[in-house]
Amino acid sequence: RTLGAMNNMQSAHAAIGRAVCASQDFEVVLLVSFELFRMITEPEYRELTQGLIPPSKFKLPTKNLLKLLAERNNIAPELEAEIANLLEDRHTAIHRWKLQNGFVDATDKEYWGRYEALATKVETQSNRVSRLLLSYFLKWAEPDWARAHQDEYLKRMKLLFHNTTERAVPK
C-alpha cells in the first residue's frame with residue numbers, strides 16, 4: 001500500500017467519524033427541539049411530562065419523529081424533505097456503504113473519495129439543521145424577550161419547524 005492510498009482511506013474514515021458525531025448531535029438537537037416544541041405549544045403535554053424529557057424519548061427513531069411532525073402538519077415540507085434526505089444519506093454512509101459499494105483495498109482512490117464525499121455531506125447537513133434549530137431557539141426563546149412578548153413567543157414557537165431560516169435576534 002502506498003502512503004497516498006492509505007491517506008485516502010484514512011481521510012474517508014476520519015470523515016465518517018465526523019459524520020457520526022454530527023449526526024448524533026443533530027438527532028439530540030432535533031429530539032430536544034421537538035420535546036420543547038410540544039411542551040411550549042401543548043400545555044397538557046408539559047403538565048404530563050413536568051417539563052422533563054425522559055431518557056426513553058432518546059430511543060425514538062428519528063424517522064418516526066419526522067413522521068409525527070409531518071402527520072401533525074408541524075413541519076415545512078422543504079425541511080421535512082431535507083431531514084429525510086439527511087437520514088437516508090446518513091443511513092447509507094454508516095450502515096449500507098459496503099453493501100452497496102463493495103469492499104476494496106486502500107488503493108481505490110475513487111471509492112474512498114466518494115465515501116468521504118458522502119460522509120462530508122452528512123456532517124455538513126447535520127450541522128446545518130442543528131444550527132437552524134438552535135439559532136431559532138436563541139432568537140425566539142430568549143427569556144427576557146419571551147416574558148415581555150408572550151403572545152409572539154408562543155406564535156413563534158408554534159412555527160419552530162416552519163420558520164427555521166430566521167436567525168436575527170428579536171428587538
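A residue counts as buried when its relative accessible area is under 20%, as exposed when that area is over 50%, and as partly exposed in between.

Confidence in the model may be considered first. The protein chain has a mean pLDDT of 90, and 92% of its residues reach 70 or more. Confidence is highest in α4, with a mean of 96, and lowest in α6, with a mean of 89. Over residues 167-171 the pLDDT stays under 50, and the model has 10 contacts beyond four places in sequence for this stretch. Where pLDDT is low, the predicted coordinates should not be read in detail.

The largest nonpolar core has 39 residues, of which Phe-26, Leu-30, Ile-75, Ile-83, Leu-133, Leu-160 and Phe-161 touch the most other members. At least two residues of this core come from each of α1 (3-41), α3 (62-71), α4 (77-101), α5 (109-140) and α6 (143-148). In soluble globular proteins, nonpolar side chains tend to be buried together.

The structure holds 8 aromatic pairs. In one of them, the rings of Tyr-111 and Trp-112 have centres 4.9 Å apart and planes at 85°, so the pair is edge-to-face. With a relative accessibility of 1%, Tyr-111 is buried, and Trp-112 is likewise buried, at 2%. Tyr-111 and Trp-112 also belong to one aromatic cluster with Trp-97 and Tyr-115.

Charged side chains are joined in 11 salt bridges across the whole structure. Arg-128 and Glu-82 form a salt bridge with an N to O distance of 2.4 Å. This pair links distant parts of the chain, since Arg-128 lies in helix α5 and Glu-82 in helix α4, 46 residues apart. Arg-128 is partly exposed, at 32% relative accessibility, whereas Glu-82 is buried, with a relative accessible area of 17%.

Other salt bridges lie within a helix. Arg-147 and Asp-144 meet at 3.4 Å, N to O. The two are 3 residues apart in helix α6, and therefore separated by about one helical turn. Arg-147 is exposed, at 55% relative accessibility, and Asp-144 is exposed as well, with a relative accessible area of 55%.

In helix α7 (residues 150-158), Glu-152 and Arg-156 are 4 residues apart, so about one helical turn separates them. The closest N and O atoms of their salt bridge are 2.7 Å apart. Glu-152 has 25% relative accessibility and therefore counts as partly exposed, while Arg-156, at 15%, counts as buried.

Arg-38, Glu-42 and Arg-72 are linked in a network of salt bridges, and Arg-38 lies over the face of Tyr-45, at 3.6 Å from the ring centre.

Terms used
Residues are numbered from 1 along each chain as its sequence is written. This is a predicted model: local features need pLDDT of at least 70, side-chain atom pairs count only at pLDDT 80 or more; totals for chains, interfaces and linings use all residues. Side-chain values use heavy atoms; hydrogens and water are left out. A nonpolar core is a set of buried Ala, Val, Leu, Ile, Met, Phe, Trp, Tyr and Cys residues joined through side-chain atoms within 4.5 Å. Buried means under 20% relative accessible area, exposed over 50%, partly exposed in between (1.4 Å probe, protein chains only). A salt bridge is a side-chain nitrogen of Lys or Arg within 4 Å of a carboxyl oxygen of Asp or Glu. pLDDT is the predictor's confidence in each residue, from 0 to 100. Contact means heavy atoms within 4.5 Å. Rings of Phe, Tyr and Trp (its six-membered ring) pair if their centres lie within 6.5 Å; planes under 30 degrees apart count as stacked, over 60 as edge-to-face and the rest as tilted. A charge sits over a ring if NZ of Lys or CZ of Arg is within 6 Å of the ring centre and within 35 degrees of the ring normal.
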